[in-house]
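I opened this notebook to record what I looked up, one entry per topic, with the cut-offs noted where a term is used.

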Amino acid sequence: MYTIKQAAARSGVPVQLLRAWERRYGVVKPARTDSGYRLYDDPAIDRLLAMRRLIDAGWAPSTAAVRIRELDDVAVGELVAGGRESEQIHAVASRAGAAELAEAFVTAAGKLDEPALEQVLDVMFSRGSFEQVVSDLVMPALAALGDAWQTGRVDVAAEHAAAGAVQRRLGMAFMAGGRPAQDRPVILVGLPPGARHDLGALTFATSARRAGLAVRYLGPDLPLQDWLDAVTRTAAIAVVIGALIDSDVDPAERVAKAIRAANPSIVIAFGGRAAASVDPSEAAPVLILPHDVAAAVDAIRVALRARVVDATSR
């Protein structure tokens, strides 16, 4: 059992604040000595730690208190233990290299520890420009996650949680890239029918938008007719079709063939790990983008300039 001063020292909650939490929110209900002094046991210390952790994470005190009161002692202990693991992961990540960051990312994913995933991503995105971070840190971490799934180290839930954390970060970066001018020629970026692994395509779209290109991101699993309709509605001058895995190749080729038939002068590019397996013969000419996102954006810009020069020379 601990006195109020000892409880404050162990939980990091000042004595006056501890008393306020007890009085206002009923987070803890300490025992009393015959003389009326408060005594706190280990579960009470955990409740104070959990309350502080939730507030530090942005919860309103009243909402955090409701949550803490809903949990039994075992659940509160798990919440505190999870927080300690998150802090340890963050401490390691803050001084880690690329391989260590990838390992911290996979570890956090395996624990379904969303705060730790966000902390690792915070560290990654503090290391340089968007293009540097995604090429040097984020994509290798996702590749490590895929390897961990294949070996059974993480399950589907963990993979989805980690991919979702990256998707949210990329979405924010895409929006922060600004809105391109309405009079600029449009570039469509998306995945063919059945293709759902779109983090690479979204990364490219974000980098292209940051470079000032008028990108419209169409997302994963886009039916062929919708590709054709989108090209028509936007008068797009280029399309970038993602092909991450082998099963994406055939539908990507069909999309490219149909777009080329309808728009002979449009720039068609393939990106992703499986892009090199695409047979471009029926939709030629096509461009296979390099894996590095900044180099891929540069390749599209060069192709667009060449198209403009060709059009004006006719």
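**Entry 1: A98.** I looked up the contacts of A98 and found that A98 touches D136 and L137, residues up to four places away in sequence not being counted, where contact means heavy atoms within 4.5 Å. A98 lies in helix α6, residues 98–110; helices (H or I, at least four residues) and strands (E, at least two) are DSSP runs, numbered from the N terminus. With a relative accessible area of 37%, A98 is partly exposed, given that buried means under 20%, exposed over 50% and partly exposed in between, for a 1.4 Å probe and protein chains only. I also noted that the C-alpha atoms of A98 and A236, which are 138 residues apart along the chain, are separated by 37 Å.

**Entry 2: basis.** This is a predicted model, in which local features need pLDDT of at least 70 and side-chain atom pairs count only at pLDDT 80 or more, while totals for chains, interfaces and linings use all residues. Residues are numbered from 1 along each chain as its sequence is written, and side-chain values use heavy atoms, with hydrogens and water left out.

**Entry 3: R47.** Is R47 buried or exposed? I found R47 in helix α3, residues 42–56, and R47 is buried because its relative accessible area is 14%. Again without residues up to four places away in sequence, R47 touches V27, V28, I68, R69, L71, D72, D73 and V76.

**Entry 4: α11 and α12.** I checked helix α11 (residues 224–234) against helix α12 (residues 249–262), whose axes come within 10 Å and cross at roughly 35°; axes are lines fitted to C-alpha atoms, for helices over the stretch in contact, and angles run from 0 to 180 degrees between N-to-C directions. On the α11 side L224, W227, L228 and V231 meet R254, V255, A258, I259 and A262 in α12. By class, this contact has eight nonpolar, no polar and one charged residues, with Ala, Val, Leu, Ile, Met, Phe, Trp, Tyr, Cys and Pro counted as nonpolar, Asp, Glu, Lys and Arg as charged, and the others, Gly among them, as polar.

**Entry 5: the largest pocket.** About 1200 Å³ of space lies in the largest pocket, a pocket being an open set of points on a 1 Å grid over the protein atoms alone, where a 1.4 Å probe fits, with protein on both sides within 12 Å along at least five of seven lines, and lining residues having an atom within 4 Å of a point. The volume is the space filled by probe spheres set on the points, which are joined across faces, edges and corners. Of the 42 lining residues, H197, L199, G200, L244 and R273 are the closest to the centre of the pocket. The largest share of the lining, eleven residues, comes from α8.
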